[in-house]
Amino acid sequence: MEKKSLKPKNIFVSEEEKIVVWADVQVSFEKNFGTEIHQSWLKNITLIKEFNDYLILGVPTRFFRDWIVSRYLDKMLSQLKTFKNSINRVEFKILEDHKSVSTNDTLKIDDLNKVTEIKDSLMNYNRLNPNLNFDNFISGSSNEIALSSSKKICEQISRYNPLYIYGGVGLGKTHLLNAIGIELEKQTNVMFISAERFMYHFIKSIKKNDMVNFKDFFRKSSVFIIDDIQFIRGKEGLQEEFFHTFNSLIDKSAQIIISADRAPMKLDRVQERIKSRLAGGLVVDIDIPDLELKTKIIKKRLEDIQNQFKESSNISDEVINFIANESKTNIRELIGVLNRVVTFSRIHKKDLTISDCKNILKDVFNQAKIITVDKIQNTVSNYFNIPLTEMLSQRRSRPLARPRQVAMYLAKKMTTRSLPEIGRRFANRDHTTVIHAVKTITRLSEKDDEMKKNINQIKSLLLEE
Ligand code: ADP
Ligand code: MG
């Protein structure tokens with residue numbers, strides 16, 4: 001890869017630094033992402049400057065950048081690593097006015113400062129993303145309480161402290177946290193960080209023997225937003241530090257906003273005192289979107305794309321309906337599916353039919369996730385935080401019986417196993433026990449919101465993995 005003869009002429013890149021051969025990268029992008037995605041997106045990316053551990057890439061527009069970042073960045077990074085292992089992030093420069101990078105341009109320091117930085121996806125979200133704001137967060141019955149609570153926080157800090165938002169993957173938690181951050185940043189000092197990144201700083205500070213700075217750094221903010229707190233599960237040292245950070249922030253009336261994939265009390269392997277702190281303010285959840293919300297999101301996205309490309313969309317209401325109905329698990333997936341359809345229709349310049357869509361999306365929808373009884377049992381016992389052996393045992397106490405029934409119910413609903421087969425997998429129970437479980441949970445999930453929520457969350461956990 002370091003063969004000199006292969007280096008393309010590009011005056012942005014000094015010869016000593018240049019190692020990655022962009023043309024080769026493009027060939028590998030095409031191979032790995034397929035011609036469609038390559039043609040419509042990736043081939044328009046140019047290499048502007050290379051550093052030892054990151055690249056600056058040129059993209060035509062902001063929208064283009066967001067699209068690539070949300071869809072392809074992880075895979076691009078891993079591809080880039082095969083060319084140069086030290087690369088751990090990519091920065092994008094938006095070349096709005098220039099149609100493409102002309103080799104006569106010089107890259108000024110000034111331009112470099114305007115470069116938007118996208119962190120290594122592992123460490124991401126240390127800074128706010130201006131594109132995830134309240135204006136483009138669409139409300140529906142599954143998220144309206146989370147949305148209105150988030151907005152209220154922005155009007156009056158420490159009204160609820162902490163605000164704790166939880167829900168499954170891809171349902172909009174990071175988007176909301178980010179929107180709060182953008183709003184409050186206008187008036188005060190905001191710290192927005194993922195729990196994972198918090199740990200990264202924590203460990204780095206321990207190694208550098210620099211805990212004083214670490215403590216100062218995190219305790220000086222007036223608004224502290226921490227994403228994906230479930231990451232602290234099982235990490236004692238980190239929990240200790242988090243607890244102290246949390247307390248000193250609350251002491252000085254700083255607002256704390258937290259997201260997680262589950263309710264505070266469901267955070268197993270987290271200290272009780274932390275759980276009760278987390279639950280001590282306002283706890284709200286985001287649920288799986290209903291058809292109406294999914295349709296609204298699709299329509300809004302299409303509108304944005306239309307404005308961006310100044311061309312009318314070829315996506316009929318029928319197709320919109322199809323996508324909204326088929327995409328079940330989360331909003332991130334929904335958007336991904338929509339993008340594929342739109343890209344296809346742009347390339348082929350045609351009005352899509354349902355059967356085109358089925359074709360384009362067959363690997364997404366047909367790749368029916370294989371859900372086994374084992375997997376259901378494991379997920380349910382984890383979810384309710386009870387040992388699997390207890391859940392499968394003959395004991396009949398309610399805290400064990402309910403989860404057991406939930407697991408049986410899901411086994412019936414989500415696998416093709418027969419009732420007797422399911423019974424056997426639950427320590428040789430009779431099929432009538434399974435029937436009873438299915439009936440009980442069906443009834444409960446209709447009239448009991450808590451049960452409905454539990455079932456939905458477990459389902460989305462199962463579908464995600
Ligand atoms: P989470 O953090 O819960 O996993 P994200 O906040 O990352 O989910 O959301 C996933 C994607 O879906 C993002 O692109 C986000 O902008 C989008 N999204 C989620 N909810 C909404 C919504 N209500 N309106 C518009 N976009 C949404
Ligand atoms: Mg998130």
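Mentor: A term to begin with: contact means heavy atoms within 4.5 Å. Helices (H or I, at least four residues) and strands (E, at least two) are DSSP runs, numbered from the N terminus.

Trainee: And where do the numbers come from?

Mentor: This is a predicted model, where local features need pLDDT of at least 70 and side-chain atom pairs count only at pLDDT 80 or more, while totals for chains, interfaces and linings use all residues; side-chain values use heavy atoms, with hydrogens and water left out. Residues are numbered from 1 along each chain as its sequence is written, and chains are lettered from A and ligands numbered from 1 in the order in which they are written.

Trainee: How many helices and strands are there in the protein?

Mentor: The protein has 22 helices and nine strands. Of its 465 residues, 49% are buried. Buried means under 20% relative accessible area, exposed over 50%, and partly exposed in between, with a 1.4 Å probe and protein chains only.

Trainee: Take α17. Which of its residues are buried?

Mentor: Helix α17 spans residues 373–383, and V373, I376, Q377, T379, V380, S381 and Y383 are buried in it.

Trainee: Why do some of those numbers sit three or four apart?

Mentor: An α-helix has 3.6 residues a turn, so residues three or four places apart point the same way.

Trainee: What covers the buried residues of α17?

Mentor: The cover includes α18 (388–392), α19 (398–414), α20 (419–425) and α22 (449–464). Just after α17, N385 has a positive phi of about 60°.

Trainee: New topic. Which residues are closest to ligand 1?

Mentor: I138, G170, K173, T174 and H175 are the closest of the 17 residues that surround ligand 1. A residue counts as near if one of its heavy atoms lies within 4 Å. By type, the shell has eight nonpolar, seven polar and two charged residues. Here Ala, Val, Leu, Ile, Met, Phe, Trp, Tyr, Cys and Pro count as nonpolar, Asp, Glu, Lys and Arg as charged, and the others, Gly among them, as polar.

Trainee: What lies 2.8 Å from an oxygen atom of ligand 1?

Mentor: A polar side-chain atom of K173 does. From the backbone, an N or O atom of G172 is 3.1 Å from an oxygen atom of the ligand.

Trainee: How much of ligand 1 does the protein bury?

Mentor: The protein buries 90% of the 560 Å² that ligand 1 exposes when taken alone. Those areas come from the Shrake-Rupley method with a 1.4 Å probe; for residues, only the protein chains shown count as cover.

Trainee: Last one. How many residues has the largest nonpolar core?

Mentor: It has 51, and W22, L42, I45, L57, Y72, M76 and I323 make the most contacts inside it. The largest share, eight residues, comes from α14. A nonpolar core is a set of buried Ala, Val, Leu, Ile, Met, Phe, Trp, Tyr and Cys residues joined through side-chain atoms within 4.5 Å. There is also a second, separate core of 28 residues, with F198, F218, F224 and A260 among them.

Key:
Polar contact = N/O pair within 3.5 Å; in protein donor to acceptor, adjacent residues only side chain to side chain.
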